[in-house]
Amino acid sequence: MNTIIEKIDKTQLNSKESIRIIKMAGEILKAGGLVAFPTETVYGLGADGLNEEAAAKIYAAKGRPSDNPLIIHIANMASLKRIAKRIPETAVKIAEKCWPGPLTMIFEKTDAVPYGTTGGLETVAVRMPCDETAAALIREGGGFIAAPSANTSGRPSPTKARHVKEDLDGRIDMIVDGGPVDIGVESTILDMTVMPPMILRPGAVTREMLEELIGTVCVDQAIISSDSKERPKAPGMKYRHYAPRAELSIVEGQAGGVISRINHMTAQKIQEGYKVGIIGTDETVEQYKDGVIKSIGTRTDEAEIASRLYGILREFDDERVDYIFSEAFPTGGIGSAIMNRLLKAAGHHVIHIVNDK
Ligand code: TXA
Ligand code: MG
């Protein structure tokens, strides 16, 4: 299959050229095809979410396990009623504040939603993205666009159109290139079918923000505990996603101890003949000695760290490193999403440095 790639200027969505691109994407989606498109979190791989055959193509293109349900993307509140049964008052409150935006809510599904989209579940995940290109494309594509992240299963989520091309060129109908995404980690997932509502995946909409709106919100323990025996409630969270090709270890502790341990382990691995990558920060990179050293950004700007994370993992893939050592990050705000993704990429391999040694 020849994949059409079209660049769209987000600041000129009303231009003739943008309208042509969105129309073309909409036609493909309505005909049951696959279109990758930017959202504020990561690039999504879209298909008509109410068309079982179209949704099935997503699983085939990504190599995604068929029990892993898809998020349906909508562009207005009226659409929610068509796919979700029993929308609690709290959900309406949250939607008023957080939609459109980087939040997915889970509801009981209506009969309009095929099991092929929900991986056989009676519930449906719904998100209203705020990226204007995404919103236009959802409207033009029929209003209900099922979209997982547009990566091959097991690869880091794409934050640039180039990443989508690397993984899916020739396997999908079209890529709409809207430039780099804004946030860089996937949406927060909040299960509204339980009381109190439960976060199944941390993202840019934090627990604190949600609790301010509706009171107590729980967090699925399986996503924060390093005990892999707990089974996450979002089916997709059980896979070792975002896996870089190299073996990734996170080194946690006081900065001085972390840096000297990473330098030590790097020297050792290089001596053994391996290629090593290091994920440091603007504050620390100069203190690393050997290996492929990258800064993920400054510790004073966690949003920047989030937006660089998947890109850095891909860069290390391209550079064929065998081992990656990464610093750890604080877990407040979007930090919990950063550490959740990093821990998953590392298969929960964390080295704790005690006593600054
Ligand atoms: O930011 C995002 O959410 C991106 C963009 C494209 O919108 N999408 C995304 O989709 O991250 P995906 O498929 O890569 O991740 C969806 C996650 C999976 O872990 C899946 O198991 C979970 O959502 N999920 C979907 N429907 C669910 C349901 N009914 N119950 C529990 N978990 C669900
Ligand atoms: Mg994904």
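An oxygen atom of ligand 1 lies 2.8 Å from an N or O atom in the side chain of Arg64, a polar contact (a pair of N or O atoms within 3.5 Å). This is a predicted model, where local features need pLDDT of at least 70, side-chain atom pairs count only at pLDDT 80 or more, and totals for chains, interfaces and linings use all residues. Residues are numbered from 1 along each chain as its sequence is written, and ligands from 1 in the order in which they are written.

Asn68 also takes part: an N or O atom in its side chain is 2.7 Å from an oxygen atom of ligand 1. For Arg201, a polar side-chain atom lies 2.9 Å from an oxygen atom of ligand 1. Taken alone, ligand 1 exposes 680 Å², and the protein buries 98% of that (Shrake-Rupley method, 1.4 Å probe).

## The shell around it

Ligand 1 is surrounded by 27 residues, each with a heavy atom within 4 Å of it. Among the closest are Thr41, His73 and Gly236. Strand E7 (123-127) is one of the strands that supply at least two shell residues (strands are DSSP runs of at least two residues). E7 gives the largest share, 3 residues.

## The pocket

Where does ligand 1 sit? Its place is the largest pocket, with more than half of its atoms within 2 Å of the pocket's grid points. A pocket here is an open set of points on a 1 Å grid over the protein atoms alone, with protein on both sides within 12 Å along at least five of seven lines; lining residues have an atom within 4 Å of a point.

Definitions and conventions:
Heavy atoms only, no water. Polar contact = N/O pair within 3.5 Å; in protein donor to acceptor, adjacent residues only side chain to side chain. 1 Å grid on protein atoms, 1.4 Å probe; cavity = no way out; pocket = protein on both sides within 12 Å on 5 of 7 lines; lining within 4 Å. Helix = DSSP H or I, 4+ residues; strand = E, 2+ residues; numbered from the N terminus.
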